[in-house]
Amino acid sequence: MLAIYKALIRPHLEYCVQLWNPVAAHGNWATVLELESVQRRFTRLIDEVGTLPYSRRLEILNLTTLAERRIRGDLIEAFKATSGLTDYGSVFVKMPRFQSAPKCHACKKSVYANEELHAVSRLYHKMCFKCMKCEKRLTSGQETEHENEPYCKNCYGKYFGPRGVGGACTAGCLQLQPE
Ligand SMILES: [Zn+2]
Ligand SMILES: [Zn+2]
């Protein structure tokens with residue numbers, strides 16, 4: 001009975017456990033207890049010890065709780081990692097997004113596929129692509145480019161259009177432009 005449990009049942013309870021380990025301190029008590037209940041139930045089926053308390057059953061069968069085995073598993077994995085026995089290279093190559101998601105030009109935070117906007121040969125969040133002067137939100141194609149920065153058509157006309165050219169003419173020119 002115990003051999004069946006160790007060979008056929010327990011591996012399912014611990015498959016790739018390093019990736020999903022439910023740590024009680026993170027609030028997953030329900031999962032921890034649910035897993036433990038499988039071992040609890042199975043050891044109760046073993047003739048000589050079935051009626052004893054769980055902790056006593058484990059002692060006699062020379063088992064530990066599954067929670068303790070997960071700690072042991074983590075320690076083994078940590079040892080393998082620090083002594084170079086496991087090569088994690090290929091694992092992380094498959095998940096480049098966790099390492100280097102592309103960054104938004106405006107706010108410098110990661111941009112994911114559903115929120116990206118390519119404009120003026122850069123990457124932005126849709127929310128972050130704004131006119132550099134009035135901060136009106138722009139969609140791709142609405143912008144007018146000046147020295148690699150996006151502006152709305154109004155602001156471009158005000159600041160860089162035919163009348164705005166020359167730099168010295170700022171306040172005066174603004175008054176000439178109808179809003
Ligand atoms: Zn952004
Ligand atoms: Zn503007």
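Me: Which residue in β2 is the bridge partner of H118?
Reply: In this predicted model, strand β1 covers residues 116-119 and strand β2 covers residues 122-125. The two strands pair in the antiparallel sense over 4 bridges. Within β2, the residue bridged to H118 is L123.

Me: In the hairpin of β1 and β2, which residue takes a positive phi?
Reply: The hairpin has 2 residues between its strands. A positive phi, near 35°, is found there at V120.

Me: Are α1 and α3 roughly parallel or roughly antiparallel to each other?
Reply: Helix α1 spans residues 2-13 and helix α3 spans residues 29-44, and their axes come within 10 Å. These axes cross at roughly 165°. Angles over 145 degrees count as roughly antiparallel, and the two helices are therefore roughly antiparallel.

Me: What is the class of the residues through which α1 meets α3?
Reply: From α1, the residues Y5, I9 and L13 take part, and they meet L35, V38 and F42 of α3. By class, this contact has no polar and no charged residues, and its 6 residues are nonpolar.

Me: What is the handedness of the crossing of α1 and α3?
Reply: The crossing in question is the one at roughly 165°. As α1 passes α3, the crossing is right-handed.

Me: In what order do the elements of the chain run from the N terminus on?
Reply: The chain holds 9 helices and 4 strands. Read from the N terminus, the order is α-α-α-α-α-α-α-β-β-β-β-α-α.

Me: What percentage of the residues of the chain count as buried?
Reply: A residue counts as buried if 20 or more other C-beta atoms lie within 10 Å of its own. Among the 179 residues of the chain, the buried share is 9%.

Definitions and conventions: Residues are numbered from 1 along each chain as its sequence is written. Chains are lettered from A and ligands numbered from 1 in the order in which they are written. This is a predicted model: local features need pLDDT of at least 70, side-chain atom pairs count only at pLDDT 80 or more; totals for chains, interfaces and linings use all residues. Axes are lines fitted to C-alpha atoms, for helices over the stretch in contact, and angles run from 0 to 180 degrees between N-to-C directions. Angles under 35 degrees count as roughly parallel, over 145 as roughly antiparallel, 65 to 115 as roughly perpendicular and the rest as oblique. A crossing is left-handed if the near helix is turned anticlockwise from the far one by less than a right angle, and right-handed if clockwise. Two residues are in contact if their C-beta atoms, placed from the backbone, lie within 7 Å. Ala, Val, Leu, Ile, Met, Phe, Trp, Tyr, Cys and Pro count as nonpolar, Asp, Glu, Lys and Arg as charged, and the others, Gly among them, as polar. Two strands pair if DSSP finds at least two bridges between them. A residue is buried if 20 or more other C-beta atoms lie within 10 Å of its own, exposed if 12 or fewer, and partly exposed in between; C-beta atoms are placed from the backbone.
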